[in-house]
Amino acid sequence: MNQTTIRARRPVQPPRPDQIRRPEGRFGWLDDRLLQEGWLSRLGPEGVAVLVLLALAADRQGTSFYGRERMTSVLSMSRRDVDFALSRLQELGLVAHRPWRTGHADGVWQLLPLPRSERGPRPSGEPVSIRSVLESLGLGA
């Protein structure tokens, strides 16, 4: 290898080194594979917004108790968009849901670890069972 290909990278100086973020109090993390493996584009803007909200509201176990109406209010989104986003997050295996009771749309939401896969998330347009759609809406058996 010649000298021009072995160029040492200098540390990049942030624009505001006096204001570097440090975790304080409650702090949530999002896996950088969401960006690196193309998950964000598969989620769309509504899915990303709901995922970020759930991550920020989650406790140490990754669970959140935000109801759909509260999500619509906090995110200034329609109920339809929130329902679609939650369905998409479940379809991709990024969240799990347990309703408060049978037939109830709200309940406990849990952030799941990103699936390990060579090819990343399931491509958009792949068939989804009616059962999984109903379960994502809290209407499953």
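How many helices and strands are there in the protein?

## The overall picture

There are five helices and three strands here, where helices are DSSP runs of H or I with at least four residues, strands are E runs of at least two, and both are numbered from the N terminus. Along the sequence they come in the pattern α-α-β-α-α-β-β-α. Residues are numbered from 1 along each chain as its sequence is written. Keep in mind that this is a predicted model: local features need pLDDT of at least 70, side-chain atom pairs count only at pLDDT 80 or more, and totals for chains, interfaces and linings use all residues.

Of the protein's 141 residues, 31% count as buried. Buried means under 20% relative accessible area, exposed means over 50%, and partly exposed is in between (1.4 Å probe, protein chains only). Look at contacts (heavy atoms within 4.5 Å): among those with a separation of 6 or more, 57% join residues 24 or more positions apart.

## One side of helix 3

Helix 3 covers residues 68–75, and R68, M71 and T72 in it are buried. These three sit on the same side of helix 3, because they cover an arc of only 100° around the axis, going by the directions from the helix axis to the C-beta atoms. In general, an α-helix has 3.6 residues a turn, so residues three or four places apart point the same way.

## Out in the open

L56 belongs to helix 2 (residues 39–57). This leucine counts as exposed because its relative accessibility is 63%.

Methods:
Heavy atoms only, no water.
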